[in-house]
Amino acid sequence: MPEVEMSEQLIRLIMRQGLGPLVYPALQEKTPLNTNSLNTKHLLLLKQSCVQNMQQQARMQIVLSRAWNALEKAGIKTVLMKGAGLAALYPDPSMRQWGDIDLFVGKEQYHPACAVMRETFPDALKFDEELDHYKHYNLIADGVSIETHRVSVGLTHPADVRRYQRMESAGMAKSEKLVLDGLEVRVPEPTFNVLMVFLHAWEHMISSGANTRQLCDLALLLHHEQERIDWKRLERWLKALKVWDVWQVYMIVLKHNLGLEVSGLEVSGSEVSGLEVSGLEVRGERLLRAILGERVRGLEEGSATGQPKMYRNRFVRKWHTMQVRRANAEWVAQFSPAYARHMKAAIWLSGLARLFAKDRHWE
């Protein structure tokens, strides 16, 4: 195999994207073991990230077992989401870096589940309030972040929230068993899991920032579960949530850049064709460049943190926040003009709802 030339910039990119444990085995095969080689020094940095990831996963497995068993004992049905469950799709689970434990309990079990977590980990760091409009309650136990989820994905448009809740209820009710290092857990059924993983990736893309690892998760999930996915139902769900156009952009990226070849790329037999006409290829390239570049979205010019200015007048604060979010929607239009329009409608609707919500007067 030809030697891969590694630069410090490439190593930083790999680490920033959370891909160290995934790419290290392949790079190791292509790099000669020469202690004086710059490549070897860079390779050792990746190897260190792999060792740290394996140590962290060992700690997480212990914390997960304690949390899971405590919730089960309390009679709270829990579904394991994202990281730990998706790691099982990789050739070796240690190849998938994950930093927290995501436990879905739903709205009805949310407050009892949060109480169980506090009782199970009395010395944990607690810094989130247990409010009903939060997506999850977070605490850190033994250096491991545990997120107890009311909902699996945060949406802003009221219609999307209602529709997704029905999808979520159906998908979580049909959760399947998975054994992780001897611990039997539940994970979402395949069709809903694909929807959730995709929406989670898109949620990060339009808010806090996405990474290539999320693309890998989606590609592996589609590859492993292609025979069990209900493609017609998935298409209905994607269209109902106004993300059908975004889905096609993601599929172009997975097909052209990650080499994914599954029947699901042509959902319900409707082939992704006319790429030059629809602009999917161009928008896919923009999406991938944005992910690799980790450009910050929707932040106020001159702000180091991205937090909107804290104006004294609440109405002025709300107006300023809405303007920042509209600017973010304009940025999103380069990937999906259709979803950008949907975002703008959601900004007005959710903004008004937040303005008059009794439990958000402090915002």
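Buried means under 20% relative accessible area, exposed over 50% and partly exposed in between (1.4 Å probe, protein chains only). By this rule Trp237 is buried, with a relative accessible area of 11%. Phe192 is also buried, at 0%.

The model is predicted: local features need pLDDT of at least 70, side-chain atom pairs count only at pLDDT 80 or more, and totals for chains, interfaces and linings use all residues. Residues are numbered from 1 along each chain as its sequence is written, and side-chain values use heavy atoms, leaving out hydrogens and water. pLDDT is the predictor's confidence in each residue, from 0 to 100. The protein chain has a mean pLDDT of 82, and 78% of its residues reach 70 or more.

Rings of Phe, Tyr and Trp (its six-membered ring) pair if their centres lie within 6.5 Å; planes under 30 degrees apart count as stacked, over 60 as edge-to-face and the rest as tilted. Tyr164 and Phe192 form a tilted pair, 5.8 Å centre to centre with 35° between the planes. Tyr164 lies in helix H6 (residues 158–173) and Phe192 in helix H7 (residues 190–205), so the pair ties together parts 28 residues apart in sequence. Phe192 and Trp237 have ring centres 6.3 Å apart and planes at 80°, so this pair is edge-to-face. Trp237 lies in helix H9 (residues 231–240), so its pair with Phe192 of H7 ties together parts 45 residues apart in sequence. Helices (H or I, at least four residues) and strands (E, at least two) are DSSP runs, numbered from the N terminus.

One aromatic cluster is formed by Phe198, Trp202, Trp247, Tyr250 and Tyr339.
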